Amino acid sequence: MSSSATIVWFRRDLRLDDNPALVAAVRRGGPIVPVFIWDPREGKNWVPGAAARWWLHQSLAALDAELRRYGSRLVIRAGDALARLQDLARETGSDTVFWNRRYEPATRQSDKRITAALRREGFAVETFNAALLFEPDEVTNKSGRPFQVFTPFWRACMERPPSDPLAAPTRLPGPRRWPESSRLSELELEPTIDWTGGIRAVWQPGWRGAGANLTRFLEKSLSNYATDRDRPGIAGTSRLSPHLHFGEISPRRVWHAVSQWLGQTSGSGRRGDGSPAQRGRQALETRRTAAEAYLRQLVWREFAYHLLHHFPHTAEHPFRTEFAAFPWARNARALRAWQRGRTGYPLVDAGMRQLWTTGWMHNRVRMVVASFLTKHLLIAWETGARWFWDTLVDADLANNTFGWQWTAGCGADPAPYFRIFNPVSQGEKFDPDGDYVRQWVPELAALPPPWIHRPWEASSAALTDAGVKLGQTYPNPIVDHAEARERALAAFARIRNSPARGRYG
């Protein structure tokens, strides 16, 4: 048992449950000094966007409140992380610093620098994995190289189930004298003009919100997840992405909870005519299908981190290098229409307005709006990724980069280049009654299916009855789908036929 203090540096692990660095500090013994350091320079050009900064403020407040229930507190500092850790060590007499790893390229470089500097000064430094099911280097193909295709990556992950989550500590001894701390408000994470009403109405940042969302998902949505996850008009997804991003809940805890849910008896059949037992087997198979569909989504998240770790250039450049020559267009008016949900395609506009209001967008719709920007408008994926980065509460460098490059066709395991989402047919398939569009594009709310997804094809009478005036109350499409598709295919053909094809094929 040690008598010297241990500094636990919180970053994106804003929880007490399944927090390896915190558990290790408790096991070491002695006082524990939890600290959060706001150092925007650490992420290079990837400073959290406005929506994510708002969420971070709320999550830090929730963490501090929970620490105080244990008689502890969160010390807040700002500036260069190494300098602040050195200051805190001198003030508390600490000789040990623990933290949980992050995996963004710039942060990894920063962590190496900080670790080397602290160890030169005689500090004990230990880091842990709290953000992923597996370390990015742990899952490799038979040649020991990183995967570039999801399905074999998924199979490899399923061969080695993740370890069990760690329980939250029952005690958090603090120092005799607490060091000074900045006020959370001094970090200026919240906007000067409060535009966050729509976000606050639908989210509860912090570990309690994460737990509540997980419970709701397990009890109300998971059983139908395999069929409902693509339906943006219903609550069919877990909505855990921002909680996972900020580490308010761990992926191991989520995996464990889903596995426990699957293990619960779904009905015990009687012997005899066999029908109750058969129904029980069918129910169990349905649960297995639902659980696997959701666990695959957790592994997609792992895959995104796997790729960013092994191919760090993809944070800012296409994985498929020949896409550096792709003939992207510059169209400020079209970009503005896309950002504000004024493209004239109801499903696209609904998604962009949901994003602007709540800081989140349904995953199926994310693919549609990303395809629309990169393929209908031929605007570069980086432009869309930057907009998502600033407006999403779950803006995550690995997942944001991977999702945009997948849709644009320039990433690893990309969507086929010829797959250009039709926003009309996507709406009719996944929002058949138009509930999602009615919620976010209320000017079309009185239009019946199928016109709600193709208002420009509705009769004058139908438009009049619904109070819709195309070009006035709701815009006409800013681009024709068929023409845009042909233009995109022609642009992709130029890349495919290029002598410097690289990995594209």
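1. C410 is buried, at a relative accessible area of 0%, and C157 is likewise buried at 1%; buried denotes under 20% relative accessible area, exposed over 50%, and partly exposed the range in between, for a 1.4 Å probe and protein chains only. The structure contains zero disulfides, a disulfide being a pair of cysteine sulfur atoms within 2.5 Å.

2. On provenance, this is a predicted model, in which local features need pLDDT of at least 70 and side-chain atom pairs count only at pLDDT 80 or more, while totals for chains, interfaces and linings use all residues. Residues are numbered from 1 along each chain as its sequence is written, and side-chain values use heavy atoms, with hydrogens and water left out.

3. E302 deserves attention. The residue sits in helix 11 (residues 275-310); helices (H or I, at least four residues) and strands (E, at least two) are DSSP runs numbered from the N terminus. E302 is buried but has no salt bridge, and R301, the nearest side chain of opposite charge, is 4.2 Å away. A salt bridge requires a side-chain nitrogen of Lys or Arg within 4 Å of a carboxyl oxygen of Asp or Glu; for charge, Lys and Arg count as positive, Asp and Glu as negative, and His and the chain ends are not counted. A polar atom of the E302 side chain lies 3.2 Å from the backbone nitrogen of F134. Residues up to four places away in sequence aside, E302 touches L132, L133, F134 and F153, where contact means heavy atoms within 4.5 Å.

4. The whole structure has 28 aromatic pairs. Rings of Phe, Tyr and Trp (its six-membered ring) pair if their centres lie within 6.5 Å; planes under 30 degrees apart are stacked, over 60 edge-to-face, and the rest tilted. W9 and W99 form an edge-to-face pair, because their ring centres are 5.0 Å apart and their planes stand at 75 degrees. W9 belongs to strand 1 (residues 6-10) and W99 to strand 4 (residues 96-100), so the pair ties together parts that are 90 residues apart in sequence. W9 is buried at 1% relative accessible area, as is W99 at 0%.

5. F326 and W328 make a tilted pair, 4.2 Å centre to centre with 45 degrees between the planes. F326 is buried at 5%, whereas W328 is partly exposed at 21%. Elsewhere, ring pairs link F147, F150, F153, W300, F303 and F402 into a cluster.

6. A search of the whole structure finds 24 salt bridges. One of them joins R68 to D64 (2.9 Å, N to O); both residues lie in helix 2 (residues 50-69), four residues apart, about one turn of the helix. R68 is partly exposed at 46%, while D64 is buried at 18%.

7. R90 and D87 also form a salt bridge, with the closest N and O atoms 2.5 Å apart. They are three residues apart in helix 3 (residues 81-92), and therefore separated by about one helical turn. R90 is exposed at 61%, but D87 is buried at 18%.

8. R342 occupies the loop between helix 12 (332-339) and helix 13 (346-358), and is partly exposed at 33%. Apart from neighbours within four places in sequence, the contacts of R342 include D349, R353, E443 and Y474. R342 and R281 are 61 residues apart in sequence and 48 Å apart in space, C-alpha to C-alpha.

How values were computed
Polar contact = N/O pair within 3.5 Å; in protein donor to acceptor, adjacent residues only side chain to side chain.
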